[in-house]
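Q: I am new to this structure and would like to learn how to read it. Can we take it one feature at a time?

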Amino acid sequence: MKNVLITGGSGDLGKSIAYKIAEQLKNNCLIILHYNSNKAKAEQVANDIKNKYGCKTDIINANFKDIKSVEKMVSTIIERFGGVDILINNAAMVVDTDVSERTVQIFEETLRCNLVVPFYLSKTFGSLMNKKGYGKIVNISSTNGIDYNSPYSMDYDASKAGLNSLTKNLATTFNNVNINCVCPHWMDTQMNADLEPNFLEEEASKIIKGRFAKTSEVAELIWFLISDNAEYLTGQIYSFGSYKY
């Protein structure tokens, strides 16, 4: 039985990851879906994958802007389940705005959610995994942290670049744990629904495949990285989306 924690488990990518893991592990896993505010959606995903694949499920709440809320979540998971075997650091926030309107508070909250909390979760659960001699951690970063710059989300970009670096350092620290990073570019998600169609078309035209990635495609790579087939891979950064240059 493998315990799996997916942060941001009620979002589009988190949902796809949950479905893929449940499909593969079925009744050999407990999938814990973290959510911030959308409890109903988290419950829906949890119930659906439990009924469809026979896995055990649970949901847990935490506000990643508040480290005390995260500490409470971690304590609850350790108390109830002893820890996790697989951690998917998927939750993130982004605020698009001009630098003149970006406050220190927004910048700090973005870093806390996207970088500090993944560090804390990886440190705490990764240490327990390392002692057991087994564990998998996948950090969900972004091409914004590699080679795609967006001045309207500079704190998001900085947090993802930091997450890429953190991945390599954690992999060196916890050598019994496979720790890797997946960096999607544009994906087909609800987050993009409010953006101008012309802008989305222009962005898609810059990608070699001419379209945004499906979250299910990203989930396939994540599954591979936590599977036994990728036991040798750790400390790697995988870009998901190739551009025309």
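Q: Which residues does isoleucine 21 touch, not counting residues up to four places away in sequence?

A: First, the ground rules. This is a predicted model, in which local features need pLDDT of at least 70, side-chain atom pairs count only at pLDDT 80 or more, and totals for chains, interfaces and linings use all residues. Residues are numbered from 1 along each chain as its sequence is written, and side-chain values use heavy atoms, with hydrogens and water left out. Contact means heavy atoms within 4.5 Å. With that sequence limit, isoleucine 21 touches Val4, Ile6, Lys26, Ile31, Trp223 and Ile226.

Q: Which residues touch the most other members of the largest nonpolar core?

A: In soluble globular proteins, nonpolar side chains tend to be buried together. A nonpolar core is a set of buried Ala, Val, Leu, Ile, Met, Phe, Trp, Tyr and Cys residues joined through side-chain atoms within 4.5 Å. Here the largest one has 31 residues, and Ile6, Ile21, Ile31 and Ile88 touch the most other members. Two or more residues come from each of S1, H1, S2, H2, S4, S5 and H7. A second, separate core of 27 residues includes Val70, Ile77, Ala171 and Ile179.

Q: How many residues of H1 are buried?

A: Buried means under 20% relative accessible area, exposed over 50%, and partly exposed in between (1.4 Å probe, protein chains only). In H1, 10 of the 14 residues are buried, among them Leu13, Ile17, Ile21 and Leu25. Their cover includes strand S1 (2-6), strand S2 (29-35), helix H2 (39-53) and helix H7 (215-226).

Q: Why should helix H1 span 20 Å?

A: Helices (H or I, at least four residues) and strands (E, at least two) are DSSP runs, numbered from the N terminus. The expected span is 1.5 Å times one less than the number of residues. H1 covers residues 12-25, 14 residues, so it should span 20 Å, and its end C-alpha atoms are 20 Å apart, which agrees. Lysine 26 follows H1 and has a positive phi, near 50°.

Q: In what order do the strands of the open sheet lie?

A: Strands of a sheet pair through backbone hydrogen bonds, either parallel or antiparallel. Two strands count as paired if DSSP finds at least two bridges between them. The 7 strands here are in the order S3-S2-S1-S4-S5-S6-S7, with parallel pairing. S3 (56-61) and S7 (237-240) are the edge strands, each pairing on one side only. S1 and S2 are joined by 5 bridges, and leucine 5 stands opposite isoleucine 32 in S2.
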